Amino acid sequence: MISMDLLLNAVVIGVLLGCFYAAVSLGLSVSFGLLDVPQVAHPAFLILASYGVFFLNDSYDIDPLLAGLLITPLLFVFGLVAYRVYYETFEKRGSDAGVRGIAFLFGIAFIVEVLIILQFGVDQRSVSASYIGKAWQIGDMRIPVRLIIAFAVASALTILLALYLSRTFMGRAIRAVAQDQEALQLMGANPVKIKQWAFGISTAVLGIAGALLIIVSPVDPTLDRAYIGRTFCVVVMGGLGSMTGTLIAAIILGVAESIVLSTVGASWAPAISFAMLLGVLAVRPQGLLGRRS
Amino acid sequence: MRRNGIVFWSGAALFLAAIFVATQVVSNQYPFFAGYVILQFIVLSVAWSILGGYAGYVNFGTSAFFGVGVYTAVFLVKATGAPLGVQIAAAAMVGALLGLAVGLLTLRMQGIFFSIATIAISIVIETSVTNWRYVGGAAGIQIERPPVMELFNNYVQMLFFVQALLVVLTVAIARYIQKSWIGRGLQALRDDELAAECTGVPTLRLKLLACVVSGALMCATGAPAAMYVQYADPSSAFNLNYSVTVLAMALIGGTAHWIGPVIGAILLGVTQQLLAVTISSEVNVLVLGVMLVLFVVAAPEGILGLVRRAGRYRAGGET
């Protein structure tokens, strides 16, 4: 039996961690949840963004969060181009796009992984900033400052994106294209352009997400494999395309991981997100707040 | 049809005879070491395409089945010292059960959901094995090879021949499925599952059957791998690279016919063996990724599709 203090500590850390998981899953929630692109390369792009932040921090001593902002426009353009390529090669051709689309994106993920290894090596990399390594003492609890920063920035990012999707014209257009593409076409809008824009946003948010990732823990090139489980678990459990659902699901995952970590042990940690994902897929595939069954 | 069968079986017999003669004549060990891996990938990619190609369910859990095969053998060797034949048979049975479980669990999932679920199954099993002390846990386990049968000079050559037997068995099963009503039913459910169901194709049972057969063959081919490297550890036995490599081989070759994955496995397998010797394992993975992307974009039907298109073009030019 574990003590109440330990459990409380685990839950607090879990909630903070969960908000961070929401931030790294937001892009996937847009690209997979709203646009139906089987974005298995999302975690690989996330790690790529982290290495971009590492590079700026390491060679020019730029603050990791600022570095994340700096690479955001680059990632946005990258997303625009990537969706164009994906659309022209798969969605436009129609039939059997699913099988080959997944294979294609997995191939891209592997290429990204190897390119990072060839450029930066297989060692773990981390960034330096004044707030990393410090901790806040609240009662008996010690909470690392980097987790609190990740929590704050991640929450802000999630709220901003949710507001963007519900309040702005473009955001509503993106949700409209997810609901009924043909109706949108009949209104005289070009669904491909809207989807391209949305995909750009889904990679642009990786700038900040990648910065948070490397602030929270050191990264290595094959870390994307663990994040396949985490990001897809969060997005599927949250209900495809729901930002609120993404946040709730991410907190559930964070708390579950944190509790298992402090009770059973670290060796079971990799399986938690995947096991939860399996459970959700088998029992409630539409997620907590799904947009369709 | 009948003549076709005779050609196939005499080809298979010739293949096995050639392999056997090679194990008796060639004394250099390296070709057997490299060849074993290629044969193993032929089995895996042909078995993969029974579910992934004919039925169109992209299975990313090849690593799960392969790893379970490896650890079934490890467990049996450690617990009872069972001989290789028993290990393979047991692995096939465990694989069939695992395939059934995967099939039942993922019945309602399609497309990307099925693929993600199979990755998840692989990681969950890997983590369980990592925490299983008896078979070595995360650190892995050393395995001693028993003395070799009298027919062969050494153990690797015997494993090479055993793997060739598995190749023939797998191809024969895939060929049978492709030619029978099972294959036609699987193709129907790949094109349109709802329409197939409506016209009386037992889609559920066919999917389960494909999962079971494909799983049993993948597990069976994993069993000798423990003996081959004399060592097993969870992170290499359940490596996601197996899943993607096998998928790439099948798609590069083309999945419409059993010969497609065979061609893909030989092409990619030989390339990888050459690269692993001359350059590095990172470049190896890079080549895998680039070839997968190139083929998926430029040759959606794989090499088989290219050949067919070339044939049609020539026929069109003559008339």
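Asp61(A) is exposed, with 10 other C-beta atoms within 10 Å. For burial, the cut-offs are 20 or more other C-beta atoms within 10 Å for buried, 12 or fewer for exposed, and partly exposed in between, with C-beta atoms placed from the backbone. The model you are looking at is predicted: local features need pLDDT of at least 70 and side-chain atom pairs count only at pLDDT 80 or more, while totals for chains, interfaces and linings use all residues. Residues are numbered from 1 along each chain as its sequence is written, and chains are lettered from A and ligands numbered from 1 in the order in which they are written.

Asp61(A) sits in the loop between H2 and H3 of chain A. Helices here are DSSP runs (H or I, at least four residues), numbered from the N terminus. Phi of Asp61(A) is near 60°, which is positive in a residue other than glycine. Because 15 of its 19 residues are buried, H2(A) is largely enclosed by the rest of the structure.

## Asp36, in another loop

Asp36(A) is found in the loop between helix H1 (4-34) and H2 of chain A. Its phi, near 65°, is a positive value in a residue other than glycine. Asp36(A) counts as partly exposed because it has 18 C-beta neighbours inside 10 Å.

## Helices that pack in chain A

Two packed helices are described by the angle between their axes and the distance between the axes. Axes are lines fitted to C-alpha atoms, for helices over the stretch in contact, and angles run from 0 to 180 degrees between N-to-C directions. Let us start with helix H3 (residues 64-91) and helix H8 (residues 191-204) of chain A, whose axes come within 7 Å and cross at roughly 135°. H3(A) and H8(A) are therefore oblique to each other (under 35 degrees is roughly parallel, over 145 roughly antiparallel, 65 to 115 roughly perpendicular, and the rest oblique). The residues of this contact divide into 10 nonpolar, 6 polar and 2 charged. Ala, Val, Leu, Ile, Met, Phe, Trp, Tyr, Cys and Pro count as nonpolar, Asp, Glu, Lys and Arg as charged, and the others, Gly among them, as polar.

Next come helix H5 (residues 145-167) and helix H9 (residues 206-216) of chain A, with axes that come within 9 Å and cross at roughly 165°. That makes H5(A) roughly antiparallel to H9(A). Among the residues that meet are Val153(A) and Leu157(A) in H5(A), and Leu212(A) and Ile215(A) in H9(A). By class, this contact has 10 nonpolar, no polar and 1 charged residues.

## Where the chains touch

The contact takes 31 residues from chain A and 35 residues from chain B; two residues are in contact if their C-beta atoms, placed from the backbone, lie within 7 Å. On the side of chain B that touches chain A, helix H5 (112-130), helix H11 (240-253) and helix H13 (281-298) each supply at least two residues. H5(B) gives the most, with 12 residues. By class, that side of chain B has 26 nonpolar, 7 polar and 2 charged residues.

## A residue in chain B

Leu204(B) belongs to helix H9 (residues 203-229) of chain B. With 13 C-beta neighbours inside 10 Å, Leu204(B) counts as partly exposed. Its C-alpha atom is separated by 9.3 Å from that of Leu104(B), 100 residues apart along the chain.
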